[in-house]
Amino acid sequence: MIEHNFKKKFGQNFISDKNLLNAICTDAGLSEADQVLEIGAGGGSLTGAISSHVKRVVSYEIDKDLQSHLLSLGLKNVEFVFGDIMNYSLSEVENAFEGSYKMVANLPYYITTPIIFKFIKSKKLDSLTIMVQKEVAQRMVAGVGSKDYGILSVMVSFYGNAQIKRIVPRNLFYPQPNVDSAIVNIKIDRTKFFSINDEEFYKFVGYAFSMRRKTLRNNLSHNGISKENLAKLDEKVLSKRAEEFDILQLIEIYSKIIGSKDKFLL
């Protein structure tokens with residue numbers, strides 16, 4: 001393990017276990033032709049493992065104190081960018097790639113959800129294989145009606161297909177965090193709901209889940225959906241909570257309100 005002043009504000013928890021590093025690459029389905037985006041190079045152990053499997057890696061690292069160490073690794077097919085990836089637009093990041101790419105990352109806990117929502121809508125991203133907090137992973141794959149089911153579950157399902165590949169105990173990190181992690185693979189599927197406006201649907205889902213214990217009627221009306229539009233929905237639907245509807249049902253509800261051509265049976 002490198003000597004480093006670990007910064008809590010960056011959520012720095014490095015991994016060095018070779019079996020885990022190889023497992024992440026396997027879970028990502030990497031091949032020699034792949035281009036990979038890594039977020040959070042850290043000590044470079046995962047960067048090195050990824051680079052040995054693929055054609056090219058672009059790796060972002062916010063902590064400039066790690067710059068000299070990472071550049072000293074001599075990884076010929078890796079381009080390091082030292083800055084906060086949230087300060088770069090999606091197009092700025094993706095201009096570095098010719099064609100499609102995959103994301104492989106050990107994401108800091110504090111930025112996991114913003115990263116997912118920033119990149120999952122990309123037209124060039126094939127898949128995300130990300131190490132996240134175990135509880136976040138459970139929310140990503142949660143089914144309708146479960147306590148973990150919510151906006152993240154719905155939108156991950158909207159854009160692709162998520163699977164928890166393995167649980168990673170906290171003792172494999174340094175410094176050791178207070179929680180276990182999980183590796184999640186999300187395969188992007190742009191054919192699922194291609195005719196639905198994703199930005200507008202995301203707003204709708206946010207409205208529907210805005211107050212978890214409230215009914216759909218309460219949440220939608222509270223967020224400005226008119227009585228005329230709510231009248232397009234059956235009273236049985238309006239009296240339920242958002243967590244009781246799967247994604248197809250939510251799209252049907254959205255479609256009735258917005259007037260989309262897409263129709264799914266409730």
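Is Ser255 counted as buried or exposed, and at what relative accessibility? At 0% relative accessibility, Ser255 counts as buried. The legends below describe a predicted model, in which local features need pLDDT of at least 70, side-chain atom pairs count only at pLDDT 80 or more, and totals for chains, interfaces and linings use all residues. Residues are numbered from 1 along each chain as its sequence is written, and side-chain values use heavy atoms, with hydrogens and water left out.

View 1. Ser255 is located in helix 12, where helices (H or I, at least four residues) and strands (E, at least two) are DSSP runs numbered from the N terminus. The side chain of Ser255 reaches the backbone oxygen of Ile251 at 2.7 Å. This pair is a polar contact, that is, a pair of N or O atoms within 3.5 Å; within protein, one must be able to donate a hydrogen and the other to accept it, and residues adjacent in sequence count only if both atoms are side-chain atoms.

**View 2. Burial and length of helix 12.** Buried residues (under 20% relative accessible area; exposed is over 50% and partly exposed in between, with a 1.4 Å probe and protein chains only) of helix 12 are Ile247, Leu250, Ile251, Glu252, Ile253, Tyr254, Ser255 and Ile257. Their cover includes helix 7 (151-159), helix 8, helix 9 (216-222), helix 10 (227-230) and helix 11 (235-238). The end C-alpha atoms of helix 12 are 16 Å apart, in agreement with the 16 Å that its twelve residues should span at 1.5 Å a residue; the expected span is 1.5 Å times one less than the number of residues.

**View 3. Packing of helix 8 on helix 12.** The axes of helix 8 (residues 198-208) and helix 12 (residues 247-258) come within 11 Å and cross at roughly 105°. Helix 8 is therefore roughly perpendicular to helix 12, a class that covers angles of 65 to 115 degrees. Axes are lines fitted to C-alpha atoms, for helices over the stretch in contact, and angles run from 0 to 180 degrees between N-to-C directions. Glu200, Phe201 and Phe204 of helix 8 meet Ile247, Leu250, Ile251, Ile253, Tyr254 and Ile257 of helix 12, contact meaning heavy atoms within 4.5 Å.

**View 4. Surroundings of Lys240.** Lys240 is placed in the loop between helix 11 and helix 12, and at 37% relative accessibility Lys240 counts as partly exposed. Leaving aside neighbours within four places in sequence, Lys240 is in contact with Thr215, Leu216 and Phe245.

**View 5. Surroundings of Ser181.** Ser181 belongs to strand 9 (residues 181-188) and is buried, with a relative accessible area of 0%. The side chains of Ser181 and Tyr109 are joined by a polar contact of 2.6 Å. Not counting residues up to four places away in sequence, Ser181 touches Tyr109, Met131, Val132, Gln133, Lys134, Ile167, Val168 and Phe173.

**View 6. Surroundings of Ala41.** Ala41 occupies the loop between strand 2 (35-39) and helix 2 (45-51), and is buried with a relative accessible area of 5%. Apart from residues up to four places away in sequence, Ala41 touches Thr47, Ser59, Tyr60, Glu61, Leu70 and Phe80.

How values were computed: Parallel < 35°, antiparallel > 145°, perpendicular 65-115°, else oblique.
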